[in-house]
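Please keep the sequence and the structure in view while reading.

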Amino acid sequence: ILLVGAAGVGKTAVFHELVRQRERFDLKENEFWATSGSRLIAGQSGFGMWQERCQDLVKEAKKRNAVIHLGNLVELLEVGKSEHSSQGIASVLRPKIARGEIVVVAECTPEQL
């Protein structure tokens with residue numbers, strides 16, 4: 001799910017309201033998590049470490065039927081890239097999202113889109 005809107009219009013607030021009203025939308029069985037690209041790579045020093053962390057996130061999210069709020073879409077596209085790899089977090093998660101293995105919420109402005 002991609003929430004698109006100008007800065008400060010309440011994209012994150014919409015997600016928080018969904019969590020608050022999850023029973024109304026028949027989502028009481030779902031867990032809701034929030035993280036970001038920066039948090040996923042924090043403390044990871046070796047090549048492949050953040051990719052493993054992403055795989056663990058996917059595995060746990062599938063097991064717990066979690067909806068993951070990942071924050072800014074542009075950050076997800078850029079974080080994780082290095083001189084050794086052009087692959088960011090979004091590239092790693094994209095196939096899992098496309099196959100419906102996990103449900104992800106991200107945000108961006110119309111300009112970023």
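Lys62 is partly exposed, with a relative accessible area of 45%, where buried means under 20% relative accessible area, exposed over 50% and partly exposed in between, computed with a 1.4 Å probe and protein chains only. The model is a predicted one, in which local features need pLDDT of at least 70 and side-chain atom pairs count only at pLDDT 80 or more, while totals for chains, interfaces and linings use all residues. Residues are numbered from 1 along each chain as its sequence is written, and side-chain values use heavy atoms, with hydrogens and water left out.

**Salt bridges**

Side chains of opposite charge can pair when their charged atoms come close. A salt bridge is here a side-chain nitrogen of Lys or Arg within 4 Å of a carboxyl oxygen of Asp or Glu, and the structure holds 6 of them.

| Salt bridge | N to O distance |
|---|---|
| Lys62 and Glu101 | 3.4 Å |
| Glu101 and Arg99 | 2.6 Å |
| Lys63 and Glu60 | 2.9 Å |

The side chains of Lys62 and Glu101 meet in a salt bridge. This pair links distant parts of the chain, since Lys62 lies in helix 3 and Glu101 in the loop between helix 5 (89–98) and strand 4 (103–108), 39 residues apart. Helices (H or I, at least four residues) and strands (E, at least two) are DSSP runs, numbered from the N terminus. Glu101 is partly exposed at 24% relative accessible area, and Glu101 also forms a salt bridge with Arg99, a residue that counts as exposed at 53%.

Lys63 and Glu60, by contrast, both belong to helix 3 (residues 49–64) and stand 3 residues apart, about one turn of the helix. Of this pair, Lys63 is exposed, with a relative accessible area of 61%, and Glu60 counts as partly exposed at 26%. Both residues also take part in a network of salt bridges that links Glu31, Glu60, Lys63 and Arg64.

**The chain as a whole**

The chain has 5 helices and 4 strands, and, read along the sequence, these follow the pattern β-α-β-α-α-β-α-α-β. The radius of gyration, taken over C-alpha atoms, is 14 Å, close to the 13 Å that the globule rule gives for 113 residues, so the chain is as compact as a globular protein of that length; the rule itself is 2.2 Å times the number of residues to the power 0.38. Along its principal axes the C-alpha trace spans about 45 × 35 × 25 Å, and buried residues make up 35% of the 113 residues.

Of the contacts (heavy atoms within 4.5 Å) with a separation of 6 or more, 72% are between residues 24 or more positions apart.

Thr12 lies in helix 1 (residues 11–20) and counts as partly exposed, at 33% relative accessibility. Leaving aside its neighbours within four places in sequence, Thr12 is in contact with His69 and Glu107. Thr12 and Asn65 are 53 residues apart in sequence, and their C-alpha atoms are 20 Å apart in space.
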